[in-house]
Amino acid sequence: MTVDLITLITTTSAAVVVVVDIAVVAVVVVVVVNVLLLYLDFNNITVVPREISRLTKLTQLDLSYNQIETLPDYAFANLSHMSTLILSYNPLQCVAETSFSGLTKLRILSLHENKLSTIPYGTFKDLHSLTHIVLGGNPLYCDCNLKWLSDWIKKDFLEPGIATCAGPPPMSNKLLLTTPSYNFQCGKKPDPVVMSKCNACYENPCQHGSTCTVVSFQNFTCSCTPGYYGTKCEKEIDSCFGNPCYNGATCEVLDNGRFICHCPRGFNGYRCESNIDDCTNHSCQNNATCIDLVETYTCQCPIGYIGKHCQKKIVFCEGEYNMCENGATCKPKGDDYSCECLPGYTGKNCSENIDECRSHICQNGAKCMDGLNGYTCICPPGYLGNFCEIAPIQQSGVQQPSACLHHECKNNGLCYLPSTTSDYMCRCAAGFAGKKCEKLHTVSLHEEDSYIKLPALQVDPKANITIVFSAKQDNGILLYTGFEQHVAAELFRGRIRISFDVGNYPVSSMFSFKTVNDGHFHHLQMMIEKKNFTMIVDGGISRTIVNEGSRESLDVSDSLYLGGLPPDVNDRALKNWHIRDKSSFVGCFQKVFINGHQLDFSSSLYNHKLIPGCQELKKQDPCTSHKCKHGKCTSRKDNTYKCRCREGYSGTYCDVGEDREVKKMNPCDKHDCRQGRCTPQKDNTYKCRCRRGYTGQRCDIAPTCRDIAYKETHKDPKTGCKSRTKVKFRRCEGSCGRHCCKPKKIKTRRVRLFCADGTNFVYNLPVIRKCGCKRC
């Protein structure tokens with residue numbers, strides 16, 4: 001049967017097809033399972049719908065006059081009965097080696113009037129039944145990369161002699177069919193426009209030495225070198241990182257970690273934070289409030305008035321001006337109105353459900369769930385009753401050792417008697433430490449307003465603070481102290497941001513090069529000495545900023561805060577741009593050292609919404625990102641590492657030779673070839689030579705070559721005799737990099753064939769049993 005897509009959705013609007021084309025194909029699968037012909041031309045389709053592959057009996061598909069630019073791998077998988085495929089008059093410019101895989105019965109393929117410049121070798125290898133291919137109207141670039149296509153066409157004269165070459169210049173306007181194969185040659189400089197059409201990384205859009213990785217034909221990602229970020233690694237991590245200027249202002253980097261903001265029209269201030277007041281000469285009437293905007297204003301009308309300048313009076317409780325909700329009764333009152341609410345609702349317009357949980361009597365730690373004009377108590381396990389007032393029966397526990405009858409284990413510590421001593425010991429709960437579990441060393445913060453308040457930081461003559469933390473969120477306050485002079489450390493967009501001001505305008509700031517919001521533990525060491533601030537992250541290089549000016553040192557007497565700030569301090573710090581985000585830190589403080597002493601959180605001035613321990617976070621192996629060059633990394637108990645150097649090397653990272661001469665390093669010492677052999681290059685880099693079938697820069701893309709089983713009757717092409725039952729065959733499909741997916745094992749099967757004249761005979765039929773990657 002023939003099914004027209006437009007007929008199926010009972011409309012002739014092409015615009016509707018654009019919106020629902022994939023959904024309609026799904027309908028076809030469900031309703032018309034035996035569809036043979038499908039016309040999707042003139043529908044503005046941009047990608048081949050994957051749902052089409054479910055129409056396994058489809059024999060003809062028309063996708064002409066659409067907006068398809070690329071064909072992905074296995075675009076027409078499972079359409080093994082397809083005989084005609086029309087892709088003409090699309091802006092198609094990229095096809096994959098396996099785009100047409102599986103189309104073993106395809107006889108006609110039309111790629112007329114597209115934008116194809118090159119076609120990968122072996123793209124048509126599965127098209128065993130092809131009798132006609134149309135390639136005319138494509139800007140084919142006939143260099144050595146298309147020689148295979150010319151040879152393939154000449155073999156069976158599949159192309160009628162219409163396709164012509166658009167380049168390189170010596171091949172311009174020559175026919176693909178009749179031009180001798182030896183003319184298809186590659187020059188020294190291939191056309192970059194042609195090469196970059198289907199390889200987004202060809203001209204290396206990534207800047208500052210970053211690595212480009214192709215995601216699809218025209219999409220890529222950049223792995224930035226330290227100190228840079230952005231889609232193309234085009235932006236430098238400096239004092240303007242994250243644009244500290246407001247309202248679309250332009251940030252200019254100055255020296256010593258400083259910056260200046262250039263304001264757009266309508267704004268002023270240090271960070272262009274102030275909107276120039278346009279309400280000076282407003283025209284608002286009837287005591288309306290003027291709201292200042294950018295280079296204009298609006299009038300906020302009092303109750304009872306509307307209009308641009310609040311010049312029109314409202315008649316309440318009629319038509320659209322009946323504001324009461326949830327069945328309430330509206331009563332006009334001159335310039336105002338009131339609503340008489342039904343039980344369970346409150347508010348000016350009776351729009352709010354009354355929270356009866358404010359005065360609940362749920363007991364034994366039960367949770368109150370608000371309802372309409374009532375509430376429900378959600379009881380903890382074992383408790384019953386409307387208010388969870390019926391307690392469970394207590395079960396007798398195991399008797400403790402006599403030594404634990406009067407133990408002094410604190411903070412829910414468990415007393416136990418070791419076999420080696422007669423005195424008891426305490427097994428501490430998560431986060432606690434000490435002989436009696438009296439110290440709290442590790443805490444988690446999970447609330448948006450959590451914080452820790454400590455005494456003022458002693459900075460004379462210098463201060464040293466180390467925080468071992470783990471976080472997964474982008475933003476959060478790590479440390480803050482000060483009023484006008486200040487020091488702040490926070491997570492901002494996944495990096496550590498430092499703001500430092502000893503009273504010398506403007507403030508100095510810097511960001512960590514690496515991101516630290518990966519859920520692993522990181523070491524942040526901060527040192528303050530006079531007007532110098534030094535930061536070291538995970539034992540890396542130290543970076544220092546200087547708040548240059550007449551003042552020589554930091555002078556603060558305010559409390560030191562960790563993990564967040566109370567509301568008043570938070571608002572002040574944000575208003576003065578000491579911090580970029582008000583969010584409290586969400587994560588774990590494993591250890592905190594202040595001036596050489598480990599912090600006991602139980603002795604803080606105030607702890608707001610802390611949770612002892614951080615059991616949900618796994619400890620990271622510090623050797624995961626070690627920098628040992630000529631030695632072995634060994635982890636320490638304090639979550640740091642040490643490099644044990646090979647003979648002849650010394651230094652913190654084993655990077656210094658005993659003779660103090662720099663030895664040439666074999667680039668293959670630390671290669672990342674996954675499935676291949678590393679070979680050093682002359683420029684002190686290396687190249688991965690992949691095992692058969694594997695591809696990728698690191699030989700990390702596995703071959704997809706596999707055998708596909710199917711059944712069909714066998715017909716002898718010479719005699720016309722055929723089998724009465726279906727024979728199980730296999731075909732080889734998939735990619736093998738530079739090699740070909742071919743049969744590795746073939747067995748002969750005896751099949752009886754029956755002829756039209758009534759005779760029959762046994763035929764030895766070769767059948768594929770196993771596929772693999774082999775030389776082409």
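This is a predicted model: local features need pLDDT of at least 70, side-chain atom pairs count only at pLDDT 80 or more; totals for chains, interfaces and linings use all residues.
Buried here means under 20% relative accessible area, exposed means over 50%, and partly exposed is in between, with a 1.4 Å probe and protein chains only. By that rule Cys721 is buried, at a relative accessible area of 4%.

Residues are numbered from 1 along each chain as its sequence is written, and side-chain values use heavy atoms, with hydrogens and water left out.

Let me stay with Cys721. Its disulfide partner is Cys755, with the sulfur atoms 1.9 Å apart; a disulfide is a pair of cysteine sulfur atoms within 2.5 Å. The link of Cys721 and Cys755 is right-handed, with 105° about the S-S bond. Cys721 lies in the loop between S54 and strand S55 (727-733) and Cys755 in the loop between S56 and strand S57 (760-774), so the pair ties together parts 34 residues apart in sequence. Strands are DSSP runs of E, at least two residues, and helices are runs of H or I, at least four, numbered from the N terminus. Cys755 is also buried, with a relative accessible area of 17%.

The structure holds 28 disulfides. Another of them joins Cys705 and Cys741, with sulfur atoms 2.0 Å apart. The torsion about that S-S bond is about 70°, so the disulfide of Cys705 and Cys741 is right-handed. Both of these cysteines are buried.

Which hand does the link of Cys144 and Cys186 have? It is left-handed, with -85° about the S-S bond. The sulfur atoms of Cys144 and Cys186 are 1.7 Å apart. Cys144 counts as partly exposed at 34% relative accessibility, and Cys186 is partly exposed at 38%.

Now the domains. The chain is divided into domain 1 (16-197), domain 2 (439-612), domain 3 (668-702) and domain 4 (706-774), with bounds from an automatic or database domain assignment. The centres of domain 1 and domain 3, taken over C-alpha atoms, are separated by 33 Å.

Next, the cores. A nonpolar core is a set of buried Ala, Val, Leu, Ile, Met, Phe, Trp, Tyr and Cys residues joined through side-chain atoms within 4.5 Å. The largest has 47 residues, and Phe469, Phe533, Leu562 and Phe589 touch the most other members. Strand S35 (residues 462-471) gives the most to this core, with 5 residues. A second, separate core of 45 residues includes Val35, Leu106, Leu140 and Leu158.

Last, the rings. Rings of Phe, Tyr and Trp (its six-membered ring) pair if their centres lie within 6.5 Å; planes under 30 degrees apart count as stacked, over 60 as edge-to-face, and the rest as tilted. The count comes to 21 aromatic pairs. One of them is Phe492 with Phe511, a tilted pair at 6.3 Å centre to centre and 45° between the planes. Phe492 is in strand S37 (residues 486-492) and Phe511 in strand S39 (residues 508-511), 19 residues apart. Phe492 and Phe511 are both buried. The rings of Phe500 and Phe533 have centres 5.4 Å apart and planes at 50°, so that pair is tilted. Phe500 is buried, as is Phe533. Elsewhere, Phe76, Phe100, Tyr121, Phe124, Trp148 and Trp152 form one aromatic cluster.
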